[in-house]
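Work through the exercises below with the sequence and the structure side by side. Each task is followed by a solution in steps.

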Amino acid sequence: MSPRLPAPPIPDQLKSAPQRAGEGDGKKSALDHGVEAGVSAVDWIDERTSLSGGLRWMMFRKVPKGTNWFYTLGSATMFAFLSQAVTGVFLAMYYTPSATQAYESTRYITNEAFLGEFVRGMHKWGSTVMVILIFVHMGRTFFFGAYKYPRELNWVIGVVLLVLTMTMSFTGYLLPFDQRSYWATIVGVNINGTGPIVGPYLSDFLRAGPEFGATTLSRFYAIHMLLVPGAIAALMGAHLYLVARLGTTAPPWIKAETSDELATDEV
Amino acid sequence: MPDRHEKTKSPYTADRDYPGAFEGETVTRRRLVTGGGQALGVIAAASFALPALGFALGPVFERGKATWEAVGSPDDFIAESYIPKVITTTRRVGEVGKTTVYMRKHEPSVDGELKDSYDEYVAISTRCMHLGCPVRYIEASQRFVCPCHGGVYDFTGRVVGGPPVRPLDRFYTRVRAGLVEVGPRYSVNSELKRYSPRDPGEPLDGIGPYLYPPRFSTPELPS
């Protein structure tokens with residue numbers, strides 16, 4: 001038999017009691033066979049990948065006393081991103097990133113495609129939800145002092161993720177290609193252009209030329225659905241790895257417990 | 001203090017007792033193969049990364065061609081007020097590539113002397129110099145007004161109120177075969193001195209032209 005990793009810390013109440021001697025008729029029910037098949041299938045994969053160790057390392061971590069709902073904001077942001085990724089993939093099935101067809105394809109999604117209005121609404125409003133959540137998550141990290149040693153690098157990664165999220169908002173805003181999108185992008189690109197020295201070249205890069213042209217939309221589309229989501233997913237992995245590696249911080253109002261003996265000694 | 005160089009190993013692999021070392025050999029075969037393998041990896045990565053990067057950055061360095069578009073006969077324009085005309089600044093994008101220009105005849109009492117032959121007609125761009133929204137000309141007040149953030153310009157396009165950082169851009173104009181033609185865009189500072197076209201929000205007074213240098217994508221100016 002292969003060596004087994006220690007079982008996750010499941011509370012006693014949730015564990016099923018082992019069958020006692022003399023109970024049952026010794027025959028396995030269909031349910032038992034089913035459970036056994038599932039267990040052996042999972043074992044088959046685990047024996048070849050050792051995934052359970054990593055999963056246990058990620059999922060069954062010790063968390064400090066005082067951990068509360070504020071600690072779920074990071075996961076909430078991640079699920080907002082996943083929702084954007086899934087709805088975005090399906091919107092891409094109908095959307096055409098061309099200056100002459102983008103508006104028409106968006107109109108088709110909204111007015112004619114089955115559930116199109118719903119999926120587009122999820123994507124549109126979900127983007128706002130993600131931006132709000134990422135800022136609240138950042139605020140939580142700041143006010144709880146969770147950016148301090150040894151978690152500075154995770155703060156830096158988080159800031160990059162924030163910038164990438166804003167890039168997503170900016171590039172996604174153009175895609176419906178209505179009057180609001182068009183003029184908002186003109187204004188946004190010109191704000192980029194006010195950066196000294198590099199600004200004018202950055203504007204040319206974003207527009208793919210001196211004027212808003214035929215390739216500006218496809219450029220924004222590629223940045224929006226290929227470049228930045230990949231970077232966000234990769235950095236999110238690094239962000240989560242560091243959270244699991246370093247653990248979470250206790251809230252600032254939780255004081256470390258010291259024995260009276262030690263306290264008097266120190267005084 | 002002992003001489004540090006005493007402990008330095010000989011650069012020759014033969015002196016360091018490598019099995020099979022050649023006479024005069026300084027780099028071991030293992031190091032050579034490792035380094036060569038890494039170099040090949042860098043070359044392979046660069047061979048797709050650099051062209052892709054160049055592909056994305058290309059438009060920044062691509063120089064467009066100056067285009068001229070006829071907008072009407074000289075009789076269409078007067079010196080006292082602006083006539084709106086629509087020109088195409090970008091091709092292949094439909095209505096998006098079109099823009100309005102406000103045009104009038106050059107008036108020495110307002111504009112001073114003719115700078116050159118491209119100055120006989122004044123063509124004012126509707127692009128607001130705050131952040132690029134479209135301005136419109138209000139005849140009653142003889143002002144250009146921007147709807148976005150309240151930029152206001154006078155009859156010559158100079159800023160009289162709001163956030164814009166420089167007067168409205170202009171276009172070169174010329175008369176060919178009895179028709180007035182509108183050419184490439186240019187920017188002006190508060191004294192209406194010509195500069196190569198800059199994006200909105202980039203001042204051209206003082207150190208402005210140095211903070212916001214001309215771009216490579218500017219079409220060649222008519223000489």
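**Exercise 1. Describe how strand 3 of chain B is joined to strand 4 of chain B.**

Step 1. Strand 3 (residues 98-105) and strand 4 of chain B run antiparallel, with five bridges between them. Strands here are DSSP runs of E with at least two residues, helices are runs of H or I with at least four, and both are numbered from the N terminus. Two strands pair if DSSP finds at least two bridges between them.

Step 2. Opposite Tyr121(B) of strand 4 stands Lys105(B).

Before going on, note that this is a predicted model, in which local features need pLDDT of at least 70, side-chain atom pairs count only at pLDDT 80 or more, and totals for chains, interfaces and linings use all residues. Residues are numbered from 1 along each chain as its sequence is written, while chains are lettered from A and ligands numbered from 1 in the order in which they are written.

**Exercise 2. Find the bridge partner of Ile124(B) in strand 9 of chain B.**

Step 1. Strand 9 (residues 170-176) of chain B pairs with strand 4 of chain B over two bridges, in the antiparallel sense.

Step 2. Within strand 9, Arg170(B) is the bridge partner of Ile124(B).

**Exercise 3. Decide whether strand 4 of chain B is mostly covered, and state which residues lie on each face.**

Step 1. A residue is buried if 20 or more other C-beta atoms lie within 10 Å of its own, exposed if 12 or fewer, and partly exposed in between, with C-beta atoms placed from the backbone.

Step 2. Strand 4 (residues 121-125) of chain B has five of its five residues buried.

Step 3. One side carries Tyr121(B), Ala123(B) and Ser125(B), the other Val122(B) and Ile124(B), and both faces are covered.

**Exercise 4. Characterise the contact of chain B with chain A.**

Step 1. Chain B contributes 26 residues and chain A 25 residues; two residues are in contact if their C-beta atoms, placed from the backbone, lie within 7 Å.

Step 2. On the side of chain B, helix 1 (residues 29-61) supplies the largest share, three residues.

Step 3. By class, this side of chain B has 12 nonpolar residues (Ala, Val, Leu, Ile, Met, Phe, Trp, Tyr, Cys and Pro), six charged (Asp, Glu, Lys and Arg) and eight polar (the others, Gly among them).

**Exercise 5. State the confidence scores.**

Step 1. The model has ipTM 0.83 and pTM 0.84.

Technical notes
pLDDT = per-residue confidence, 0-100.
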